[in-house]
Amino acid sequence: PGASDPYQFDTTIVLASTGAIYGLSIRGDGMARRGEIYTHGTVLHYTPVDATLVPTGEIAPVAGTPLDFTRPKPVEIRSVYFPDLIEELRASWETDPRAEGLPLGIGTVPEIWVRADPLCSHQVFTNLLTNARKATEGVFEPEVHLDFEEDPTHLLVLVRDNGCGMDAEQLRTLFVPFSSTFKEGTGLGMSLVFQFVQAMGW
């Protein structure tokens with residue numbers, strides 16, 4: 001809202017990070033290519049969960065679901081008004097019951113346009129913030145922040161938390177599917193971040 005010419009800036013984003021499906025079967029190997037999204041492995045089947053997140057025991061095909069990566073999916077790069085993207089993230093965070101009692105600190109948001117796929121970029125930041133939230137579990141005064149640094153051609157986005165951090169092995173396997181040590185989630189979050197960032201050319 002209130003944004004001016006969508007083509008006055010084309011900024012590349014650089015990411016920095018500190019700090020409900022079960023029984024997936026995997027086959028194959030893949031890679032990310034600019035303009036397309038692949039996974040490192042192809043998910044064939046999964047076990048759905050009910051409303052209370054309890055596995056139903058059913059074995060269902062992944063084809064046609066959000067986890068269907070059997071074919072590369074082209075991204076749609078366009079000019080995205082960055083403050084709108086951050087506002088969407090803030091609203092999502094505030095309506096997520098898992099983040100209740102944990103405010104999201106947001107630095108001064110640059111009023112610029114960036115080149116991105118709207119859905120992929122939203123998912124990248126959502127996954128990073130979700131990991132930050134999970135890392136603060138059990139912390140007395142948890143903190144999660146989004147901060148920004150920019151120069152004429154790049155925007156550095158920093159996701160910070162005061163959580164458990166990562167050891168050397170966790171850093172080594174950060175983008176490997178299903179290598180997460182968190183109890184919550186599918187273990188695909190950071191793998192998808194890698195795929196989306198590569199596909200958008202960030």
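User: What do the words buried, exposed and partly exposed stand for here?

Analyst: Buried means under 20% relative accessible area, exposed means over 50%, and partly exposed is what lies in between, with a 1.4 Å probe and protein chains only. This is a predicted model, in which local features need pLDDT of at least 70 and side-chain atom pairs count only at pLDDT 80 or more, while totals for chains, interfaces and linings use all residues. Residues are numbered from 1 along each chain as its sequence is written, and side-chain values use heavy atoms, with hydrogens and water left out.

User: What makes the pair of Phe125 and Trp202 tilted?

Analyst: The structure holds 4 aromatic pairs. Rings of Phe, Tyr and Trp (its six-membered ring) pair if their centres lie within 6.5 Å, and planes under 30 degrees apart count as stacked, over 60 as edge-to-face and the rest as tilted. The rings of Phe125 and Trp202 have centres 6.1 Å apart and planes at 40 degrees, so this pair is tilted. It links distant parts of the chain, since Phe125 is in helix H2 (residues 118-135) and Trp202 in the segment after helix H4 (189-200), 77 residues apart; helices (H or I, at least four residues) and strands (E, at least two) are DSSP runs numbered from the N terminus. Both Phe125 and Trp202 are buried.

User: Why is the pair of Phe175 and Phe194 called tilted?

Analyst: The ring centres of Phe175 and Phe194 are 5.5 Å apart and the planes stand at 45 degrees, so the pair is tilted. Phe175 lies in the loop between helix H3 (168-172) and H4, and Phe194 in helix H4, so the pair ties together parts that are 19 residues apart in sequence.

User: What makes the buried residues of H1 line one face of the helix?

Analyst: In H1, Phe82, Pro83, Leu85, Ile86, Leu89 and Trp93 are buried. Seen down the axis of H1, the buried residues fall within an arc of 160 degrees, so they line one face; the arc is that of the directions from the helix axis to the C-beta atoms.
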